[in-house]
Amino acid sequence: MRAMAVGVAVVGVVAAATLTMARPRAAMMTAPPIPKTGPLAQPRSTRQVGVPAVATRAAIPPDNPQTPEKIALGQKLFFDGRLSADGSVACSTCHDPARAFTDGRPASVGIGGRAGQRNAPTILNALYNATQFWDGRAKTLEEQAALPIVNPVEMGQPSLDAAVARIAAIPEYRDAFQTVFGGPPNGGDLLRAIASYERTQVSFDSPFDRFIAGDSRAIDAAARRGWELFNTRARCNKCHALTEQTRDVTYFTDNDFHNIGIGIIRHNVVALARQAEQAITSGDTSQIDRAAIQTDMSALGRFLITKRERDIAAFKTPGLRNVLVTGPYFHDGSQETLWDVMDHYNKGDGVQNPYLDEDIQPLALTEDDIDAVVAFLASLTSRDYEAQGIRELARQRELSRTHRPQRDTARAFGPRRH
Ligand code: HEC
Ligand code: HEC
């Protein structure tokens with residue numbers, strides 16, 4: 001209670017509460033065109049440098065074993081607009097293989113051109129996630145896939161059964177379900193097929209993986225220095241590592257949730273938290289999904305699920321593989337380049353934010369240090385996205401020369417919080 005009172009005093013001055021549904025955004029009339037399947041959408045080999053063999057096997061649930069036919073069915077469904085209410089939106093609309101299974105937008109755009117509040121994460125390596133979504137509201141990929149289908153601004157179906165009915169009307173799908181599951185299409189099997197396709201999207205074989213495997217020249221001196229900084233002065237390993245004790249060369253996440261000060265400036269999170277306490281029934285995942293995608297309560301992050309005060313505006317630590325090609329960054333897509341991300345961390349958080357994670361501190365990184373950490377992050381790009389990565393790094397570097405909205409050197413080199 002005491003901390004909540006502090007929160008009111010501090011955050012209350014920052015912004016007026018917006019307690020209405022979805023902030024208005026420029027509305028398009030239709031969803032963007034559905035990206036097609038292609039070479040980058042194919043199931044990937046698990047024989048890439050860096051693949052964690054044991055964890056990859058463990059990520060396959062016993063009640064949903066992988067078979068080639070099931071994976072092919074899941075792939076077809078992933079790219080099929082007929083899963084959505086008006087046929088215009090597929091999973092791939094927002095998870096485009098050519099964009100490393102993201103959409104490149106700050107926040108996704110779905111059915112009828114309606115925009116949500118959150119940035120689409122990649123599904124590459126999502127099989128390793130301990131939880132799904134920025135706030136972890138789904139445990140498994142099967143559970144996750146059910147939500148966009150019925151979200152009113154994503155695929156817009158009135159129910160999962162409505163999507164199943166649409167699919168069951170197509171003879172080709174009836175045959176495929178019969179072959180794979182031994183029966184007609186149903187919700188559970190539809191989600192299983194999609195999840196098993198997603199579990200084929202393992203993405204390693206980056207310069208960094210080759211470096212760790214022993215090729216000392218696979219990454220340049222700047223990236224090597226960035227990797228050192230990542231684990232020391234830049235403090236990234238406090239969250240982007242399974243444990244702080246050992247260097248994590250695989251996942252780059254602690255599978256936990258933290259408030260790192262994203263979006264908190266734009267929102268009166270305390271007022272929103274009060275609203276959520278009233279409006280959200282604990283455990284009602286589809287209600288939470290709507291609040292997260294369609295309302296300003298999105299900014300509350302993990303709090304929507306736990307209703308614990310310390311989870312206000314806490315979001316899941318994302319893994320960092322392929323991060324160069326999955327921008328813009330953070331749960332709200334608010335940062336355009338990795339330099340902006342670094343500037344955010346370097347200055348620690350701006351507003352006095354009572355829920356800020358204690359590991360967020362001014363870092364006193366020089367421009368050289370920042371370039372080095374970015375070079376390290378860029379070295380996490382899988383071979384499949386190498387060409388995009390080169391173009392994207394050049395684009396971001398160019399932009400960062402003239403445009404550094406988050407840079408605040410005085411604060412970066414200023415006093416620590418505690
Ligand atoms: C209109 C855009 C849109 C569509 C369509 C869509 N997604 Fe997403 N997806 C998102 C956004 C945005 C998020 C993050 C939402 C959040 O965390 O609250 C997300 C999150 C995810 C995640 C969690 C990844 C992680 O790292 O936590 C997975 C997996 C995923 N989507 C798979 C799918 C599948 C499968 C479908 C089709 C059944 C689908 N998506 C349809 C936009 C979309
Ligand atoms: C206190 C924990 C913490 C620390 C320390 C931390 N991060 Fe993060 N990181 C997170 C969380 C949580 C998010 C997601 C936050 C959000 O979107 O609101 C995130 C997001 C990111 C993203 C955006 C990824 C995406 O897909 O949008 C990048 C890049 C990143 N961090 C890199 C770094 C680097 C580099 C460092 C060190 C300079 C660092 N992080 C330090 C917890 C942390």
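**Helix α14.** I began with α14 in this predicted model, and I noted that Leu338, Trp339, Asp340, Val341, Met342, Asp343, His344, Tyr345 and Asn346 are buried there. The helix covers residues 338-346, and because 9 of its 9 residues are buried, I recorded α14 as largely enclosed by the rest of the structure. I then asked what the buried residues of α14 pack against, and I found three helices listed, namely α15 (367-378), α16 (386-402) and α17 (409-412). Following α14 I came to glycine 348, whose phi is positive, near 70 degrees.

**Domains.** Next I looked up how the chain is divided, and the domain assignment gives domain 1 as 2-24 + 268-312, domain 2 as 39-198, and domain 3 as 207-260 + 317-412. Taken over C-alpha atoms, the centres of domain 2 and domain 3 are separated by 28 Å. For the contact between these two domains, I noted 20 residues from domain 2 and 22 residues from domain 3. When I sorted by class the side of domain 2 that touches domain 3, I had 11 nonpolar, 7 polar and 2 charged residues.

**Ligand 2.** Finally I turned to ligand 2 and asked which residues around it are the closest. The ligand is surrounded by 24 residues, and the closest of them are Cys236, Cys239, Ile262, Phe330 and His331. I also went through the shell around ligand 2 by class, and wrote down 15 nonpolar, 5 polar and 4 charged residues.

How values were computed:
Residues are numbered from 1 along each chain as its sequence is written. Chains are lettered from A and ligands numbered from 1 in the order in which they are written. This is a predicted model: local features need pLDDT of at least 70, side-chain atom pairs count only at pLDDT 80 or more; totals for chains, interfaces and linings use all residues. A residue is near a molecule or strand if its C-beta atom, placed from the backbone, lies within 6 Å of it. Ala, Val, Leu, Ile, Met, Phe, Trp, Tyr, Cys and Pro count as nonpolar, Asp, Glu, Lys and Arg as charged, and the others, Gly among them, as polar. Domain bounds come from an automatic or database domain assignment. Two residues are in contact if their C-beta atoms, placed from the backbone, lie within 7 Å. A residue is buried if 20 or more other C-beta atoms lie within 10 Å of its own, exposed if 12 or fewer, and partly exposed in between; C-beta atoms are placed from the backbone. Helices (H or I, at least four residues) and strands (E, at least two) are DSSP runs, numbered from the N terminus.
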